[in-house]
Amino acid sequence: MENSDAALWYPVQYEGFERSPNTFYSGNTINQQADPIIEWCLQNNYSRVSLIGSDYNFPRMFNRAFRAIAANNGLEIVSEQYIPFTNPAELRGRSLFWKNNADIVVNTVNGDGNKHLFKQIEIEFPNLIERPQVISTSLTESETFNDPKLFEGSLIIGGLSLIHI
């Protein structure tokens, strides 16, 4: 882009590990989502964290930074798993990793993968009370409207605020 003096507007979440004078980054950076999640975990006595994400750059970079921030705040990452971005249905029927006594799941799954992830949670934990607390970085309120019961009790981090579903 620099060679052709072109400009790029990048409105989605930004990993923060690259920089271009020709790119306008307007989405959330990792710390704008990770810091409120860490603060919320500490305020609510959650200390054991499982990470799940789509298998591509943003979730991997988010989790890399989140691990460091979590360690500096006394939180323990008990597991980390990635699901194929191109085939999120692969989740169905697979026992997920948070049966390892995690207090909370930080979800960086994108797109349709969220629907498959929450359906798998519903299968593994049919009783809402027993479900792990999930905070999602890449889920929007509009994605939850078609099936709000599926996402019930979870949280969405948007910008610098948490939204309870």
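Contact here means heavy atoms within 4.5 Å. Helices (H or I, at least four residues) and strands (E, at least two) are DSSP runs, numbered from the N terminus. Buried means under 20% relative accessible area, exposed over 50%, and partly exposed in between, with a 1.4 Å probe and protein chains only.

The model is predicted: local features need pLDDT of at least 70 and side-chain atom pairs count only at pLDDT 80 or more, while totals for chains, interfaces and linings use all residues. Residues are numbered from 1 along each chain as its sequence is written, and side-chain values use heavy atoms, with hydrogens and water left out.

**Whole chain**

Start with the protein chain coloured by secondary structure. There are five helices and eight strands, and along the sequence they follow the pattern β-β-α-β-α-β-β-α-β-α-α-β-β. Of the 165 residues in the protein chain, 45% are buried. Among contacts with a separation of 6 or more, 61% are between residues 24 or more positions apart.

**Helix α3**

Select residues 113-124, which form helix α3. The helix has 12 residues and reaches 16 Å from its first C-alpha to its last, close to the 16 Å expected at 1.5 Å a residue; the expected span is 1.5 Å times one less than the number of residues. Show side chains for G113, N114, H116, L117, F118, Q120, I121 and E124, the buried residues of α3. Their cover includes β3 (48-54), β5 (104-108), β6 (133-136) and α5 (148-151).

**N107, in β5**

Next select N107, which lies in strand β5. N107 counts as buried because its relative accessible area is 0%. Leaving out residues up to four places away in sequence, N107 touches I52, N114, L117, F118, V134, I135, S136, T137 and S138. For a distance label, pick the C-alpha atoms of N107 and L155: they are 48 residues apart along the chain and separated by 9.8 Å.

**Helix α2**

Move to α2 (57-72). Its 16 residues should span 22 Å at 1.5 Å a residue, and the end C-alpha atoms are 23 Å apart, which agrees. The buried residues of α2 are F58, P59, M61, F62, N63, A65, F66, I69 and A70. Among the elements covering them are α1, β3, β4 (76-83) and β5. Just after α2, select G74, where phi is positive, about 80°.

**The nonpolar cores**

A nonpolar core is a set of buried Ala, Val, Leu, Ile, Met, Phe, Trp, Tyr and Cys residues joined through side-chain atoms within 4.5 Å. Select I30, I37, V49, F62, F66, V106 and I135: these have the most contacts inside the largest core, which has 21 residues. Two or more residues each come from α1 (30-43), β3, α2, β5 and β7 (155-158). The largest share, seven residues, comes from α2. Now centre on I37. Aside from neighbours within four places in sequence, I37 is in contact with F62, F66, V106, I135, T137 and I157. A second, separate core of 13 residues includes V109, L117, V134 and F151.

**The largest pocket**

Show the largest pocket, with a volume of about 170 Å³. On a 1 Å grid over the protein atoms alone, a pocket is an open set of points where a 1.4 Å probe fits, with protein on both sides within 12 Å along at least five of seven lines; lining residues have an atom within 4 Å of a point. Grid points are joined across faces, edges and corners, and the volume is the space filled by probe spheres set on the points. Of the 14 lining residues, select L128, R131, P132, E152 and G153, the closest to the centre. At least two lining residues come from each of α3, β6 and α5, and α3 gives the largest share, three residues.

- D5, in the segment before β1 (8-10), has phi near 55°, a positive value in a residue other than glycine. D5 is exposed, at 64% relative accessible area.
- N45, in the loop between α1 and β3, has a positive phi near 60° and is not glycine. N45 is exposed, at 69%.
- E39 lies in helix α1 and is partly exposed, at 47% relative accessibility. From E39 to N73, 34 residues apart in sequence, the C-alpha distance is 9.0 Å.
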